2 protein chains.
Amino acid sequence: MSPTRSTPKSSPLKRKPGLRSAPAARQVPADSDAKPTRIQERNRARILEAGLSEFSRFGFGGATIEKIAAGAGMSKSNLLYYYPTKTVIYEAVLEHILDTWLAPLRMLDVTGDPAAELADYIRQKLKISAEWPEASRLFASEILQGAPQVKPVLQGSLRLLVSEKAAVIRAWIAAGKLKPHVEPVHLIFLIWSATQHYADFETQVLALTGKTLKDETFRGEAEAALVATILGGVLA
Amino acid sequence: MSPTRSTPKSSPLKRKPGLRSAPAARQVPADSDAKPTRIQERNRARILEAGLSEFSRFGFGGATIEKIAAGAGMSKSNLLYYYPTKTVIYEAVLEHILDTWLAPLRMLDVTGDPAAELADYIRQKLKISAEWPEASRLFASEILQGAPQVKPVLQGSLRLLVSEKAAVIRAWIAAGKLKPHVEPVHLIFLIWSATQHYADFETQVLALTGKTLKDETFRGEAEAALVATILGGVLA
DNA sequence: ATGAAACCTGACCAAACGGTCAAATTGAGC
DNA sequence: GCTCAATTTGACCGTTTGGTCAGGTTTCAT
């Protein structure tokens, strides 16, 4: 496995369908133009699902397209008919979950009550960890490896979003609603890490407590503990 | 890459040196018996170091013994002279850092002052994240993948240690020194996740803040923020 | 100095991997 | 039922990878 991922080469030839010339290969379905078939939709979805499972378990380097294909219930060749390379699958999976991933932070509202807003943010993040632990682990794996694919997003839109929300928190501090010692960015990191921990380190949590977030009682316990401790630490 | 790691097979033949029979292979230096040579000590150390670097960057599946050998400044063949398989290197690296990894938690002392003890624990963990981020990332990678190698430790000694320290925290609560709503295990998770975040998600932290824990100022900031928030959240 | 053990190397191997290709099969509109 | 594009397959290929092996070189105690 190449350490620095190979170039994406998203569409090696990009052949338009209605060209009638060259009788040669016409591979790759609807490469971005035109509406996808029902079969395409179904199979792409299966591939993304299986890809998420494999990539989150073994990382980019440890995953194999053969196993992904098996997980998606199709042959390796057929998988490669829908996505030309392993890297493209990886990118597609990542892109597919990125929005959902960042959504909760976007909802932090200056005009709201800090206590309610932050508690809600923690709950939202914990909910995602509970319901989508594989996505959490995929992101963790990606960042662990130096974020070869999502670094642009981190430096771009995420950075913007974070500085925006840091301003919100700073406004709350200025309004005397949060303790003056609160550091906005570090508070965001604290919430991220604390909530994602239950997904990313699920194995460890399970080994130590015998429970995961799938256990409603346990999830409620974690939620209460995090909300109480973090809010208790930052509310004025 | 096999998903469930292949059997360790720590020493395929285990040939004792002074056997004088079979003129064939006598590979593998001091397989657990007898004191190691100076060269052995040096090379094994180099291999473990390079292995930590590779495994933490690419995970078990993504790392290659060839790159590890290159990182250790020796040929692949020579590396395999010291460690028979990739899995054995991985286990050795993991084992080599395990003690250091768990040490800070062991120091939590019931007789001490909770504020000082917890603050110290946070500082210790943050120090390790700052000075040994690769070890942190290796553990994260291992746990992410389901802890195939360290699960026994998690279920065994770590579980014991955690329940021990949870009792310590519970004693502090009973003594009225911590808020009654504090959940010991979740507090431990909170401290782990918050401190390790700066190592495991270093790339993200760097992209968002332009800093890492290597920056003394930033580290002090993180430390102050974590200590203030967490202690503020749990102290009575 | 010498001999044995320790150390090191390059050539080699089988399996696994990512990816290609020609051809067979299926499906949908007519 | 015909036709043509969409879909699926299995055989195949070059590379990478983990690991073996026979033999060469260095180290070190005597």
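Start by selecting A:L158, A:V162, A:K165, A:A166, A:I169, A:R170 and A:I173 in helix 7 of chain A, which meet A:P184, A:V185, A:L187, A:I188 and A:W192 in helix 8 of chain A. Contact here means heavy atoms within 4.5 Å, and helices are DSSP runs (H or I, at least four residues) numbered from the N terminus. Colour these residues by class: 10 are nonpolar, none polar and 2 charged. In this scheme Ala, Val, Leu, Ile, Met, Phe, Trp, Tyr, Cys and Pro are nonpolar, Asp, Glu, Lys and Arg are charged, and the others, Gly among them, are polar.

A word on what you are viewing: this is a predicted model, where local features need pLDDT of at least 70, side-chain atom pairs need 80 or more, and totals for chains, interfaces and linings use all residues. Residues count from 1 along each chain as its sequence is written, chains are lettered from A and ligands numbered from 1 in the order written, and side-chain values use heavy atoms, without hydrogens and water.

Now show helix 7 (residues 151–174) and helix 8 (residues 184–200) of chain A whole: their axes come within 8 Å and cross at roughly 110°. An axis is a line fitted to C-alpha atoms over the stretch in contact, and angles run from 0 to 180 degrees between N-to-C directions. The two helices of chain A are therefore roughly perpendicular, a label for angles of 65 to 115 degrees.

Next, move to chain B and select helix 4 (residues 86–106) and helix 6 (residues 133–144), which pack at about 115° with axes 10 Å apart. Which residues of helix 4 of chain B make the contact? They are B:Y90, B:V93, B:L94, B:I97, B:L98 and B:W101, and helix 6 of chain B brings B:A135, B:S136, B:L138, B:F139 and B:E142.

Then display both chains: 55 residues of chain A are in contact with 55 residues of chain B. Together the chains bury about 4,700 Å², 69% of it on carbon and sulfur atoms. Buried area is the accessible area (1.4 Å probe) lost when two parts are put together, summed over both. Pick out A:L144, A:H186 and A:L208, which supply 16% of the area chain A buries against chain B, more than any other three residues.

Conventions. Angles under 35 degrees count as roughly parallel, over 145 as roughly antiparallel, 65 to 115 as roughly perpendicular and the rest as oblique.
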